[in-house]
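Here is a short tour for a first look. Keep the sequence and the 3D view side by side as you read.

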Amino acid sequence: VQLQASGGGLVQAGGSLRLACAASGRTTNKINMGWFRQAPGKEREFVAAINWSGTSTYLADSVRGRFIISRDDNKPTVYLQMNSMKLEDTAVYYCAADGPFNSPQIMAVRPNGVNYWGKGTQVTVSS
C-alpha cells in the first residue's frame, strides 16, 4: 500500500485545515487508516484513526472535539479536518494504514505495528 498525503500548510490559530491521504496498491478499502504527527523535538504521536468500514473513529484526547477523520473509499482517501487549531498542533503529519481491524483504537495502542506510512506533510499554526 502506498500513501500520499497532501493539504499541509500555514494557518492561523483558530483556523481550519484539511489533510488528505490517497491510498493505492492492494485492497485499499480493507485497511484501517489514520494520522500521526511529530512536533520538533518530540516523539511521533497518534492523532486519529478510522476503521476499514468507516463505521468507527478514534481520536487522541488532544484533538477530540476539534478534528474529524473520515474516509471516501471511492477514491480511496482518508481526510483529517482540523478545526479550532492551536499552536501546539504544529507538526509534521503522517498518514498511516494497518489492519483491517474493526477497532480503530488498535492503531493508537500499537503504533509500532503500523504496516504502512506515508511521507509527512508540514502543518504550521501561527499566532
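## Strands and partners

Two strands pair if DSSP finds at least two bridges between them. Keep that in mind for what follows. The model shown is predicted.

Take β1 and β3. They run antiparallel, and five bridges join them.

## The four-stranded sheet

β1 and β3 belong to an open sheet of four strands. The order is β1-β3-β8-β7, and the pairing is antiparallel. Which strands form the edges? They are β1, residues 2-6, and β7, residues 67-72. Each of these pairs on one side only. From one strand to the next, the twist averages 15°.

Strand β4 covers residues 32-38 and pairs with β5 in the antiparallel sense. Five bridges hold this pairing in the model. Within it, Met-33 stands opposite Ile-50 of β5. The two strands form a hairpin, with six residues between them. Gly-41 sits in the turn and has a positive phi of about 80°.

β5 also pairs with strand β6, residues 57-59. This pairing is antiparallel too, with three bridges. Here Ala-48 stands opposite Leu-59 in β6. The hairpin of β5 and β6 has six residues between the strands. In this hairpin, Gly-54 takes a positive phi near 75°.

How much of β5 is buried? The strand spans residues 45-50, and five of its six residues are buried. It is mostly covered.

## The nonpolar core

In soluble globular proteins, nonpolar side chains tend to be buried together. This model has a largest nonpolar core of 36 residues. Which members touch the most others? They are Met-33, Trp-35, Leu-80, Met-82 and Tyr-93.

β1, β3, β4, β5, β7, β8, β9 and β11 each supply at least two residues. Among them, β8 covers residues 77-82 and β11 covers residues 121-126.

## One disulfide

How many disulfides does a search of the whole structure find? It finds one. Cys-21 is joined to Cys-95, with an S to S distance of 2.1 Å. The pair links distant parts of the chain. Cys-21 lies in strand β3, residues 17-24, and Cys-95 lies in strand β9, residues 91-98. The two are 74 residues apart.

The link of Cys-21 and Cys-95 is left-handed, with -90° about the S-S bond. Are these cysteines buried or exposed? Both Cys-21 and Cys-95 are buried.

## A closer look at Gln-122

Gln-122 lies in strand β11. Its relative accessible area is 40%. Buried would need a value under 20%, and exposed one over 50%. Gln-122 is therefore partly exposed.

What does Gln-122 touch, leaving out residues up to four places away in sequence? The list is Gly-8, Gly-9, Thr-90, Ala-91 and Val-92. Gln-122 also has a polar contact of 3.3 Å, side chain to side chain, with Thr-124. Gln-2 lies 120 residues from Gln-122 along the chain. The C-alpha atoms of these two residues are separated by 19 Å.

Technical notes:
Residues are numbered from 1 along each chain as its sequence is written. This is a predicted model: local features need pLDDT of at least 70, side-chain atom pairs count only at pLDDT 80 or more; totals for chains, interfaces and linings use all residues. Side-chain values use heavy atoms; hydrogens and water are left out. A disulfide is a pair of cysteine sulfur atoms within 2.5 Å. Buried means under 20% relative accessible area, exposed over 50%, partly exposed in between (1.4 Å probe, protein chains only). Axes are lines fitted to C-alpha atoms, for helices over the stretch in contact, and angles run from 0 to 180 degrees between N-to-C directions. A nonpolar core is a set of buried Ala, Val, Leu, Ile, Met, Phe, Trp, Tyr and Cys residues joined through side-chain atoms within 4.5 Å. Contact means heavy atoms within 4.5 Å. A polar contact is a pair of N or O atoms within 3.5 Å; within protein, one must be able to donate a hydrogen and the other to accept it, and residues adjacent in sequence count only if both atoms are side-chain atoms.
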